[in-house]
Number of protein chains: 4
Amino acid sequence: MPSSVTRVAILGATGYTALEAIKILLRHPGARITALTSRQAGSPPVATIHPSLVGRLDLCLEDLSPEEVARRADCVFSCLPHGASAAVVPRFLESGCKVVDFSADYRLTDPAVFAQWYGEPHHDPERLGKAVYGLPELFRKEIVATSLVANPGCFAYTAILSLAPLVKARWIDLERIVVDGMSGSSGAGADPSPATHHSEVGNAIFPYNAVDHRHTYEIEQELSGLAGAPVPIHFTPYYCPFTRGILAACHGFLTRAASRADVLALYREFYRDEAFVRVIDLEKDPNASWQYLPYPSVGVVAGSNYVHIGVDIDQRRGRVVVFGALDNLGKGAASSAIQNMNCMLGLPEDSGLRGVGLHP
Amino acid sequence: MPSSVTRVAILGATGYTALEAIKILLRHPGARITALTSRQAGSPPVATIHPSLVGRLDLCLEDLSPEEVARRADCVFSCLPHGASAAVVPRFLESGCKVVDFSADYRLTDPAVFAQWYGEPHHDPERLGKAVYGLPELFRKEIVATSLVANPGCFAYTAILSLAPLVKARWIDLERIVVDGMSGSSGAGADPSPATHHSEVGNAIFPYNAVDHRHTYEIEQELSGLAGAPVPIHFTPYYCPFTRGILAACHGFLTRAASRADVLALYREFYRDEAFVRVIDLEKDPNASWQYLPYPSVGVVAGSNYVHIGVDIDQRRGRVVVFGALDNLGKGAASSAIQNMNCMLGLPEDSGLRGVGLHP
Amino acid sequence: MPSSVTRVAILGATGYTALEAIKILLRHPGARITALTSRQAGSPPVATIHPSLVGRLDLCLEDLSPEEVARRADCVFSCLPHGASAAVVPRFLESGCKVVDFSADYRLTDPAVFAQWYGEPHHDPERLGKAVYGLPELFRKEIVATSLVANPGCFAYTAILSLAPLVKARWIDLERIVVDGMSGSSGAGADPSPATHHSEVGNAIFPYNAVDHRHTYEIEQELSGLAGAPVPIHFTPYYCPFTRGILAACHGFLTRAASRADVLALYREFYRDEAFVRVIDLEKDPNASWQYLPYPSVGVVAGSNYVHIGVDIDQRRGRVVVFGALDNLGKGAASSAIQNMNCMLGLPEDSGLRGVGLHP
Amino acid sequence: MPSSVTRVAILGATGYTALEAIKILLRHPGARITALTSRQAGSPPVATIHPSLVGRLDLCLEDLSPEEVARRADCVFSCLPHGASAAVVPRFLESGCKVVDFSADYRLTDPAVFAQWYGEPHHDPERLGKAVYGLPELFRKEIVATSLVANPGCFAYTAILSLAPLVKARWIDLERIVVDGMSGSSGAGADPSPATHHSEVGNAIFPYNAVDHRHTYEIEQELSGLAGAPVPIHFTPYYCPFTRGILAACHGFLTRAASRADVLALYREFYRDEAFVRVIDLEKDPNASWQYLPYPSVGVVAGSNYVHIGVDIDQRRGRVVVFGALDNLGKGAASSAIQNMNCMLGLPEDSGLRGVGLHP
């Protein structure tokens with residue numbers, strides 16, 4: 001193996017975000033998977049758990065010590081639950097590994113806020129505020145310079161990108177931003193549960209954690225930082241009968257006159273250099289041919305690292321609505337983790353990530 | 001046929017709302033379907049278009065004149081498109097029939113507003129403001145006394161019931177009410193279209209008519225009437241991959257202190273006498289057994305005349321969110337039409353309507 | 001309560017088949033639910049588990065002794081798992097109750113076959129062969145005369161009705177009948193499981209128990225009885241991403257010349273007096289208007305007690321294919337149970353059952 | 001552009017199979033898209049029709065003459081309808097282009113069979129039998145040597161690969177092979193139609209073209225060739241509520257003793273050198289951990305060029321069942337077309353095709 005190939009270990013490899021990371025790494029020219037951990041008895045081949053990998057990856061799921069993982073890897077993806085992640089991350093950092101933490105452990109900067117919403121004291125409080133929040137669109141420089149990236153929550157990623165230009169420009173009332181977040185079932189993970197039982201959600205939609213969803217605090221932290229002022233977010237999530245994707249519907253009340261074209265221009269400018277953020281600025285044409293959507297659809301970005309952002313303005317009532325769509329397992333988790341890894345390791349930022357959404 | 005049985009004709013009987021009305025009338029002890037109209041060539045049996053009726057209804061789809069319809073019916077359900085409906089409704093009224101109009105033709109009281117949003121002058125402007133808006137929960141007395149009911153739009157029905165108590169009590173900022181309306185595909189009707197093509201919507205969600213959806217004007221008209229002041233509604237609809245149901249997520253900013261219990265009490269009191277409005281006031285119990293939802297799901301009310309309403313309060317940020325769930329073809333169209341018919345004709349209001357939602 | 005109202009108890013009331021039975025009984029003019037049992041701690045109101053019943057049924061789920069159940073009920077529906085059901089059914093019979101057993105305990109007549117496929121000796125072997133297999137279309141007389149009905153398995157119900165006329169008439173090779181059974185997710189019950197996890201099945205189809213599915217033995221037992229000769233059934237089931245319904249695709253090799261019209265006539269004649277079996281005998285018309293299906297769809301019978309049966313003939317190759325569609329929770333479980341109860345108790349056979357399928 | 005990059009034109013680029021081909025070509029190191037044709041007025045950018053391509057492909061849809069297409073391309077993919085395709089394919093061949101025809105025009109070798117099932121005489125009958133049927137797993141040598149590949153029908157691809165080893169080895173009764181083919185909605189294409197209207201198929205399954213589906217004749221032609229004897233196929237297709245994928249359930253009656261292990265070994269050997277055919281030979285383990293499937297699922301191969309094949313044996317009754325799963329737009333259309341192109345042009349056969357299925 002040439003020294004130029006980054007060796008990647010994935011902790012907690014039975015879940016869906018780990019599976020997605022594996023798939024992207026299989027097509028990544030500069031990385032190689034060298035360890036997959038899990039507490040599954042008997043070290044089964046990964047393909048017995050993830051059948052899409054049959055004939056493509058011969059690794060087994062192993063119950064490895066952190067030391068063994070650190071020996072095998074240059075970069076560690078932790079797909080462990082919060083709490084469990086912070087219990088081992090310090091050891092990888094001390095061994096010189098780069099770490100992308102998929103859990104919530106290093107996202108919030110304030111240990112008290114963490115303790116309140118995650119129900120336990122933080123295992124590694126001194127690193128809070130030092131880890132970098134893994135949004136390359138906003139924090140590329142910091143990501144390049146760090147060894148520990150806190151990968152954002154999937155709703156947070158969608159909402160922050162959808163709102164950042166308006167919030168930073170202060171075109172909207174910062175006190176009254178309403179966000180409805182519609183999530184596919186894979187957002188709940190691979191373990192069966194009532195809310196993602198097909199008979200319950202397969203032909204339905206319902207809200208959950210209608211107030212104080214944990215991602216709210218990430219969104220508020222990052223948008224407040226952008227605005228230089230507290231930005232409360234009025235956020236509610238929903239489960240929907242699709243497998244992948246988040247649509248964030250972000251409503252703001254305009255504090256200045258603006259047309260749809262103005263807002264589109266603001267977004268195009270803000271994301272001018274971002275390869276993976278696409279502003280959908282099609283004309284609203286009532287006579288358009290079929291398949292023509294002037295707004296994003298989660299079905300169009302599923303399976304990709306792209307975020308599609310669309311907007312509209314209600315001139316009569318002074319509202320702007322921004323729609324952000326991404327794949328919760330892709331841009332909302334695994335593919336942004338690899339984008340972060342690419343930044344940290346000096347690889348081309350889009351390595352492994354140029355695939356287009358699987359539509360239809 | 002005893003004189004006590006109401007004879008019902010349905011105009012435009014090939015669509016989904018007409019089909020739903022047919023099904024309810026088949027179990028209605030005081031009504032009988034006597035005519036089904038359509039422009040289909042050859043007067044085919046209705047069961048060749050609606051196969052669930054095979055062996056249950058032997059009527060044919062006929063291209064009947066209004067006069068013939070009026071001869072056969074005591075009550076006419078018009079499932080014709082807007083414009084077409086107002087072109088014939090006056091003739092039924094003149095013949096002494098009761099009419100429930102499923103179209104938008106008689107919902108708005110202002111002909112100018114109609115003309116602006118429906119793209120043509122109104123055919124029967126002098127009846128605007130005289131027809132009764134068909135929400136028995138708000139206008140029962142007026143419905144009992146009228147011959148012409150304008151059945152509400154499905155989003156409008158959900159949003160108005162979800163917001164009426166808060167708006168009437170003025171517990172929220174009336175200027176900044178945000179409503180996201182998530183609709184099943186049957187809301188788009190029985191004609192194939194790109195937005196409801198399975199490959200486009202079957203594993204996706206997307207917004208449409210993001211501002212100025214026509215139902216916005218009904219919601220504003222009725223809530224403004226309740227409040228005695230203009231109430232702008234910031235409304236956006238979405239198509240989702242379920243067949244039946246609307247979930248309206250209605251966000252308001254509190255103008256007074258209120259707990260979740262206070263809001264639940266307000267709603268229980270407001271709908272105290274309403275058999276078909278159910279306030280979901282379950283405790284939020286994180287240790288609850290499975291299938292426990294403290295909020296409504298559209299999967300629970302599909303196939304019924306019930307509206308489930310749930311609420312939550314974000315004390316920290318001063319937001320109340322109300323979730324209204326109903327079946328867009330049932331309570332949002334056909335079953336409320338029959339509830340209106342029952343009121344107009346002096347039949348028991350719940351005749352034909354006591355069925356429980358088809359869950360799962 | 002008038003003596004003419006049958007008191008019904010439902011054992012194991014947290015499941016989906018029990019819920020379906022509750023809903024039908026709520027509209028049944030001659031029956032009333034008097035007990036719902038479950039081992040849930042604290043006797044919660046049934047509506048906290050089944051939210052569609054909010055405001056419609058005030059009973060609690062109780063952990064009742066068989067004696068208490070027998071005191072409260074004239075008819076007992078056992079929705080307990082196999083094994084558990086046969087452990088208590090004898091006590092209800094001894095108390096004079098009628099019993100409909102939803103489990104597999106009394107379906108097979110041979111205790112050795114039961115033991116082989118259900119993995120344990122039978123608790124009540126002397127009653128095997130005395131209970132009546134609950135297919136009113138074939139065994140109405142016996143059902144009327146018994147106190148114990150074994151309600152058929154959902155795949156078995158569909159396959160037996162689909163094949164009975166051809167098998168009895170011996171128009172097909174009895175050794176080579178192939179049946180693919182496509183089931184909705186509710187067939188797996190209300191407990192979350194990997195196979196019915198939305199992310200696994202929501203956009204997929206896969207086989208399970210590809211040979212020797214337990215229902216195979218019921219189908220073989222009943223069709224062999226009809227034929228007067230052993231009829232092996234080559235059966236495979238699949239999970240599909242719809243919530244309700246079974247489509248049985250039954251393939252046979254013709255042993256005599258027959259047209260599609262001949263087979264349709266055979267089926268119409270066989271089911272001439274059956275209100276709930278509908279032979280879909282529409283012409284195959286390539287120019288037909290939309291929504292025209294010459295075959296059954298499970299989406300058309302969901303929520304009803306109807307079975308739709310369609311057929312086609314491959315003249316060139318000598319194959320007949322019969323499609324049977326029903327609702328696995330309705331005709332495949334709860335509504336046929338009520339049809340059986342009606343027969344046993346001398347009530348009108350269609351009481352509570354005349355509802356039409358919820359299409360779309 | 002280096003001479004080593006193959007220039008590809010796609011005819012009829014508004015459809016789903018064309019879109020899939022575009023996506024694969026975007027990641028193909030040795031190919032470049034140089035023309036996209038369509039009759040859309042105004043030469044719109046392709047991304048206005050296929051929004052997943054926003055920011056990734058700047059080509060317009062053009063109404064080009066065959067001559068212009070031939071000037072721009074080394075290889076032409078025809079996604080035109082049958083009939084239209086054979087009307088232009090000869091011109092590309094005469095210009096020296098390689099052609100992969102997605103339509104049915106060159107699949108059948110007998111013009112009379114074509115005329116009977118496609119309803120019109122063939123436009124280019126002398127080339128029938130000279131074009132190569134595009135199954136690299138069976139006809140790699142011929143594909144390498146030809147300029148015209150007839151890309152197989154999606155059902156045909158699945159059924160032929162699923163049955164080839166058993167048919168060639170003659171382990172089953174060749175007269176009585178039953179195939180049920182369950183297709184996702186994208187198999188019907190991008191144009192809205194009743195059968196793929198979400199409200200009709202989104203929560204249902206139904207058969208269509210139950211006998212004599214056109215793909216039957218391809219399957220029979222190729223399997224008869226393999227067997228050296230006529231092999232009739234008893235085939236029925238179904239629409240299911242997933243977007244991508246075909247599951248072919250292929251039932252055969254064993255003519256010799258064989259265990260599941262024997263059949264698995266036969267398939268492993270037959271496809272030993274095939275990178276894209278994976279025999280799922282997991283043990284049937286009733287105690288296996290979750291997500292463990294001993295059979296294929298279409299959800300696991302969607303978005304890839306892989307075929308997963310699983311088998312089971314009913315020893316008691318002498319049946320073998322083979323399950324083949326692939327993505328109808330991928331391996332069943334666009335990705336196999338690119339595999340064929342790679343073969344014809346001497347490129348690495350897996351160029352652009354190594355992506356793993358998008359599961360979940």
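Trainee: Which residues does C:Ile10 touch, not counting residues up to four places away in sequence?

Mentor: This is a predicted model, in which local features need pLDDT of at least 70 and side-chain atom pairs count only at pLDDT 80 or more, while totals for chains, interfaces and linings use all residues. Residues are numbered from 1 along each chain as its sequence is written, chains are lettered from A in the order in which they are written, and side-chain values use heavy atoms, with hydrogens and water left out. Taking contact as heavy atoms within 4.5 Å, C:Ile10 touches C:Ala18, C:Ala21, C:Ile22, C:Leu25, C:Ala35, C:Leu36, C:Thr37, C:Phe77 and C:Cys79.

Trainee: Which residues touch the most other members of the largest nonpolar core?

Mentor: A nonpolar core is a set of buried Ala, Val, Leu, Ile, Met, Phe, Trp, Tyr and Cys residues joined through side-chain atoms within 4.5 Å, where buried means under 20% relative accessible area, with a 1.4 Å probe and protein chains only. The largest such core has 160 residues, and those that touch the most other members are C:Ile10, C:Phe77, D:Ile10 and D:Phe77.

Trainee: Which helix of chain C gives the most to this core?

Mentor: Helices are DSSP runs (H or I, at least four residues) numbered from the N terminus, and strands are E runs of at least two. With 11 residues in this core, the helix that gives the most is helix 7 of chain C, residues 154–169.

Trainee: How many salt bridges are there between chain B and chain A?

Mentor: The contact takes 57 residues from each of chain B and chain A, and about 4,500 Å² is buried between them (accessible area, 1.4 Å probe, lost on being put together and summed over both). A salt bridge is a side-chain nitrogen of Lys or Arg within 4 Å of a carboxyl oxygen of Asp or Glu, and one example joins A:Arg317 and B:Glu220 at 2.5 Å, N to O. Between chain B and chain A, the count of salt bridges is six.

Trainee: Which strand of chain B gives the most to the side that touches chain A?

Mentor: With five residues on that side, the strand is the one spanning residues 233–239 of chain B, namely strand 10.

Trainee: How many salt bridges does the rule find across the interface of chain C and chain A?

Mentor: Here 20 residues of chain C are in contact with 20 residues of chain A, and the buried area is about 1,400 Å², of which carbon and sulfur atoms give 58%. In chain C, the residues that lose the most area to chain A are C:Pro192, C:His197 and C:His198. Across this interface, the number of salt bridges is zero.

Terms used:
Buried area = accessible area lost by both parts, 1.4 Å probe. Buried < 20%, exposed > 50% of the residue type's maximum accessible area, 1.4 Å probe, protein only.
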